[in-house]
Amino acid sequence: MIRILFFIIAFSFILKDVAFAENYAILISAGKATTDDLFNNSEFWYDLILAYEDLINNQNYTHDNVFVFYGDGDDWLSSNYNKYKPSYYGWSSIVDFDNKWSTIKDTLKNYIAPLINNNDNLHIRWVVGHGDIISSPDDYSAYWQNRSEAIAESVIINAFDQISNYTRRKILWMTCHSGCLAKGNVNFNNSKTTIITSSDWDEASYPYCPYSSNGYCINNFVDLHAEFNWVITSSLSGIDPLGNSYNGDQNNDDVISMQELYNVADTSSVMDSDPQIGDNGSIANKIFINEDLVLENVDLSNNYEYWVENITIRDFTILNNGNVIFEPNVKIIIEKNFEAKVGCFLEIK
Amino acid sequence: MKSRNNKNNILPKLLIILISNCYLSTKAQNNFEISKTWEVQNHEVVDITIKNDQLLLLTSNNEIMQLDTVDNYIKYLFILKKSSKLTGLTSINNDFYFIDDKGNITKNDNNGTFKQFRIPKNYHTEFLAANDSLFFTCLLNNNGLSYSNRIVSINKSGNDTIFAYIQGSPVGICIKEGYLWYLARQGIIIMYDIKSKEWTQIGELPISNVFGLALIEDLLFTYDLNTKQIIKIKIK
């Protein structure tokens, strides 16, 4: 059955009858850096500041809505590399809290949970840490590099689930055995959550060294990262830590869904581990870390869904075999040159 | 800590960066000083330890060598005839202890395995250190660097627990006065309090690409892979 172009949008935006939503992020680095270029040390800062930078500069998060837990509660300012210094980006600091479990748990309960309501969205990223299991996907524990703490997964999940009000929850988790958090009976899964983990429940996670020899990073190089973070942050920002362009956009719409993040990690030659996804609500293909999408210079010819806060459209065409669903929680702005070809399907929920 | 209202007050932080950079670079260069070297040709050193003030070397052929610091030469002591590959050597009081690639800890009294702990699939051990109650070894992923690479402690019953996750590529561990000293390939030394597990990076050796770590009083011994020499370093 041929569907026809069914309307020309005569107004420039649709504003839904909802309260203004906030997009919050929680970044946790379960360790601390004390020197450059040292595996299981430097990346606790390197990967954290790159993840933070991406959220602020590319994903439309505000400083005040990103909660950062790291080390003893202060930024690491001793890197010899400019790109790992907050001042390089014009910031005085990025860290809010130390990474003691008691601090994390209490802050989640007493400070962050009361801030977030049903209209808001939550992004959780356990940027770098350790994990271990005894024998099953339900006995994962998280470990800290800088503390002798081990916290069971049920305790971790309960602590984060104290934040129970959100529209969408998007989780990225980088530790060994992190697949436990998407599998088994104890996990983060629910209909409003997508979680991507760096490895399966029974395997380790690894660093990525662009310059290595015999499995070991070569001394004195700048770009030591967890391989999962290399792929994820590069996909989101469109540029890798070496400064090369990085394309995580698999469906050519110029934005990166959670499903695409997983697909890129799952197929990347950078990855030695096997990333996992938990997506009980089948929402991964339509939710994004960025809640304010701009679709610009895009021609869509297949199935696409966008369930975010705001959508802005410029020079946007749905081709005759395109099937597009926009589900903005607040508004869709059509700034210029929107075209829907005869035969396409467009739905705005 | 990040000020939630003012993110742009950079100047004080820049001053801190300058001061801390100066401090760190000075510290790294001044803590250690090479005081003597010995040639060790034709042997691949796997681990080193100190027993009764003598430096002992374990080679890849399961040989035990001794450094004679008086007459300045390396002498052969004995070979352990085992089917497994020895990967670590330590001493407690007057006894030698070895660990092999199957997780067996053996005492050199020909009474067979002293302790054994389970090595996870795809992992191997390197290096051995001990105090009166615990052994310590590095448990390393066969693929190289992994966030599961760890130092484990093994008690007298053979039960192991995670002591710390390994930073860098490990090249040696040893124990001195309640602290586990750890050496990474690029010469970085980290000291762990055995009771609290808190760690401090105490400095960086003036050489890198080294292997093995032994300590006695204010002297540190390691093996330079580039020059094939045992290096004695004075800790200031």
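Helix H1(A) is mostly covered, with 14 of its 15 residues buried, where buried means under 20% relative accessible area, exposed over 50% and partly exposed in between (1.4 Å probe, protein chains only). The helix covers residues 43-57 of chain A, and its end C-alpha atoms lie 20 Å apart, which agrees with the 21 Å that its 15 residues should span at 1.5 Å a residue; the expected span is 1.5 Å times one less than the number of residues.

This is a predicted model, in which local features need pLDDT of at least 70, side-chain atom pairs count only at pLDDT 80 or more, and totals for chains, interfaces and linings use all residues. Residues are numbered from 1 along each chain as its sequence is written, chains are lettered from A and ligands numbered from 1 in the order in which they are written, and side-chain values use heavy atoms, with hydrogens and water left out.

The axes of H4(A) and H5(A) come within 10 Å and cross at roughly 135°. That angle makes H4(A) oblique to H5(A); angles under 35 degrees count as roughly parallel, over 145 as roughly antiparallel, 65 to 115 as roughly perpendicular and the rest as oblique. Contact means heavy atoms within 4.5 Å.

| Helix | Residues | Residues in the contact |
|---|---|---|
| H4(A) | 227-237 | A:Phe228, A:Val231, A:Ile232, A:Ser235, A:Leu236 |
| H5(A) | 258-267 | A:Leu261, A:Val264, A:Ala265 |

A:Glu339 is found in strand S19 of chain A and is partly exposed, with a relative accessible area of 37%. A:Ile318 is 21 residues from A:Glu339 in sequence, yet their C-alpha atoms are 6.3 Å apart.

Technical notes
Axes are lines fitted to C-alpha atoms, for helices over the stretch in contact, and angles run from 0 to 180 degrees between N-to-C directions. Helices (H or I, at least four residues) and strands (E, at least two) are DSSP runs, numbered from the N terminus.
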